[in-house]
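Please keep the sequence and the coordinates at hand while reading.

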Amino acid sequence: MKKRNRIIPLKPIKINHPRNGYEKEFLAVTEWCEAQPMADWYIKSFDGLRLHATYLPAEEPKRIVLLSHGYKGSRFGSIAHMAEFLHENGCSILFIDQRCCGESGGRYITFGAKEQYDILRWLRLLHKKNKERLPIYLYGQSMGAASVIMASGHRMPDEVKGIIADCSFHSMRQQFRDMASGWFHIHFNSLILLRIDLICRLFAGYRMKDADTTKALLENTRPVLFFHGEEDTFVLPYASKMNYKICRAPKELVMVPGARHLCSSYVAPELYKKKLTDFFGRCDA
């Protein structure tokens, strides 16, 4: 009897997480975040999930930064590495838990396909509470960076002045191809991708094409600051280069030599801080 080809779900593989080699810095920022007097915020997603975030106001706020973490991350994970610096420099911070992560509800991570709409709902709440009309920035890492880029293709409050995208992938489809090839030496042909797409539709209610930054990058008019580590083997550096090339808005791409995935701020903290400060200086007005 001829055997049928079956799709076997792949178990998550341990990758070079930022804490690997930077445990001291990672622990310090986690402890700092947990020690701050933050308020719990909740919203309901368009598909009925209860989503959670924590809000840390600055004493003399100049702007608000929404932090969007990566795949299976957390609000106080690697995305929070610059939190103390941001807070000391007049940024009120909204640390969101993406759907299916932290204290937020949900069964499936959708690689930005649905997370982009969650971010839009958080922005709606920020707009309502932002009586001073302070500038707002979207700052994401990895999948969280792709999510904020995708969100920028939709109508957003006028206070949103810029996007910061650290190690963003370009599309879910291409990311799956890269991971299969680089990690398992497997070529994902169109038939395999079609089957993955079908699984996404049946179980999680989205299509792979919904997790793609192209349309947003062509439509977004807000400045974008891209970061990527040159030694990233999880989201390959060419992904940010592709996003940068497609982007029609004012843009800057910062490639950090020697940095692995999400490690740019650890490898070159002073450069990273300067680029953030300069970006705020250009966009706040």
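A cavity is a set of grid points where a 1.4 Å probe fits but cannot get out, and its lining residues are those with an atom within 4 Å of a point. The model discussed here is predicted. A search of the whole structure finds 1 cavity of 30 Å³ or more, and the topics below begin with that space.

**The cavity**

- The largest cavity has a volume of about 50 Å³, and its lining is made up of F169, H170, S171, Q174, Q175, D178, V235, L236, Y238 and A239.
- Two or more lining residues of the largest cavity come from each of the elements α5 and α8 (238-246), with α5 giving the largest share, 3 residues.
- Sorted by class, the lining of the largest cavity holds 5 nonpolar residues, 4 polar residues and 1 charged residue.

**The second largest pocket**

- The second largest pocket has a volume of about 230 Å³, and the residues that line this pocket are A113, Q116, Y117, M150, G153, H154, K209, D210, D212, K215, A216 and E219.
- Both α3 and α7 (214-219) supply at least two residues each to the lining of the second largest pocket, and the largest share, 3 residues, comes from α7.
- In terms of class, the lining of the second largest pocket consists of 4 nonpolar, 3 polar and 5 charged residues.

**Aromatic pairs and a cluster**

- The structure holds 10 aromatic pairs, one of which is formed by Y71 and F111, a stacked pair with 5.6 Å from centre to centre and 15° between the planes.
- This pair links distant parts of the chain, 40 residues apart, since Y71 sits in the loop between β3 (63-68) and α2 (83-88), while F111 sits in the loop between β4 (91-96) and α3 (115-129).
- Y71 counts as partly exposed because its relative accessibility is 37%, whereas F111, at 15% relative accessibility, counts as buried because the cut-off for that class is under 20%.
- The rings of F111 and F176 form an edge-to-face pair, because their planes stand at 80°, with the centres 5.5 Å apart, and an angle over 60 degrees counts as edge-to-face.
- Because F111 lies in the loop between β4 and α3 and F176 lies in helix α5 (residues 172-184), their pair ties together parts that are 65 residues apart in sequence.
- F111 and F176 are both buried, and together with Y71 they form one aromatic cluster.

**Charges over rings**

- R50 lies over the face of Y42, at 3.8 Å from the ring centre.
- R75 is placed over the face of F76, and here the distance from the ring centre is 4.8 Å.

**A buried glutamate**

- Leaving aside residues up to four places away in sequence, E159 touches H127, N130, R133, L134, P135 and I136.

How values were computed: Residues are numbered from 1 along each chain as its sequence is written. This is a predicted model: local features need pLDDT of at least 70, side-chain atom pairs count only at pLDDT 80 or more; totals for chains, interfaces and linings use all residues. Side-chain values use heavy atoms; hydrogens and water are left out. Rings of Phe, Tyr and Trp (its six-membered ring) pair if their centres lie within 6.5 Å; planes under 30 degrees apart count as stacked, over 60 as edge-to-face and the rest as tilted. Helices (H or I, at least four residues) and strands (E, at least two) are DSSP runs, numbered from the N terminus. Buried means under 20% relative accessible area, exposed over 50%, partly exposed in between (1.4 Å probe, protein chains only). A charge sits over a ring if NZ of Lys or CZ of Arg is within 6 Å of the ring centre and within 35 degrees of the ring normal. On a 1 Å grid over the protein atoms alone, a cavity is a set of points where a 1.4 Å probe fits but cannot get out, and a pocket is an open set with protein on both sides within 12 Å along at least five of seven lines; lining residues have an atom within 4 Å of a point. Grid points are joined across faces, edges and corners, and a volume is the space filled by probe spheres set on the points. Ala, Val, Leu, Ile, Met, Phe, Trp, Tyr, Cys and Pro count as nonpolar, Asp, Glu, Lys and Arg as charged, and the others, Gly among them, as polar. Contact means heavy atoms within 4.5 Å.
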